[in-house]
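Please look over the following notes with the model open beside them.

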Amino acid sequence: MKNIQIEKISDKYTVRTITEADVPMLYAWMQRNDQYYRYCGGETSPRRIRQDLTLCPPGIPLAQKYYIGFFAAGTLVAVMDLVDGYPDADTAFIGFFMMNKSLQGRGVGTALVSEVLAYLTALGFAAVRLGIDKENPQSNHFWRKNGFTVLKEVPQARGVILLAERRLMQK
């Protein structure tokens, strides 16, 4: 565990933990991103968001999970589920990432991910992993453009997830 300090992840955005109190706001925000839910098979709900706030990979304690929001002038720009030390101590895992729909296609997501990766590199992580919905062309393009390489395909009940990784340069 590298002890991520979320307030230090970004110089541009205010980063804070998403809490139970944020669920109504987050639910309304997520409903506007219809493309994500078209490909992931289903819709979101307040109950599902509450579950996601504490859902961890097998064997990972809640202390290693950061469900965070990036805010600019009080407006939610992006949400990220970040796991410290999964699947191993030198790897961080992005379980979920969603941009404000009105900001997509403007380079904001790439800049934000670059900041996150720079911070994780400074903490000593060697890699970042995530899953990409194989059928989602926007997600596929975004993560590949940001330097993630597909390691393998993982069949799921609702389609195929591409396990992808980006190696980080150590200073």
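**Notes on the model**

1. The side chains of Ser10 and Glu115 are joined by a polar contact of 2.6 Å. Here a polar contact is a pair of N or O atoms within 3.5 Å; within protein, one must be able to donate a hydrogen and the other to accept it, and residues adjacent in sequence count only if both atoms are side-chain atoms. The Ser10 side chain also reaches the backbone nitrogen of Lys12, at 3.0 Å.

2. This is a predicted model, in which local features need pLDDT of at least 70 and side-chain atom pairs count only at pLDDT 80 or more, while totals for chains, interfaces and linings use all residues. Residues are numbered from 1 along each chain as its sequence is written, and side-chain values use heavy atoms, with hydrogens and water left out.

3. Ser10 counts as buried because its relative accessibility is 6% (buried means under 20% relative accessible area, with a 1.4 Å probe and protein chains only). Leaving aside residues up to four places away in sequence, Ser10 touches Val15, Phe70 and Glu115 (contact means heavy atoms within 4.5 Å).

4. There are six aromatic pairs in the structure (rings of Phe, Tyr and Trp, the last by its six-membered ring, pair if their centres lie within 6.5 Å; planes under 30 degrees apart count as stacked, over 60 as edge-to-face and the rest as tilted). Phe142 and Trp143 are edge-to-face, because their ring centres are 4.8 Å apart and their planes at 80°.

5. One aromatic cluster is formed by Phe97, Phe142, Trp143 and Phe148. Phe148 is buried, with a relative accessible area of 4%.

Methods
Buried means under 20% relative accessible area, exposed over 50%, partly exposed in between (1.4 Å probe, protein chains only).
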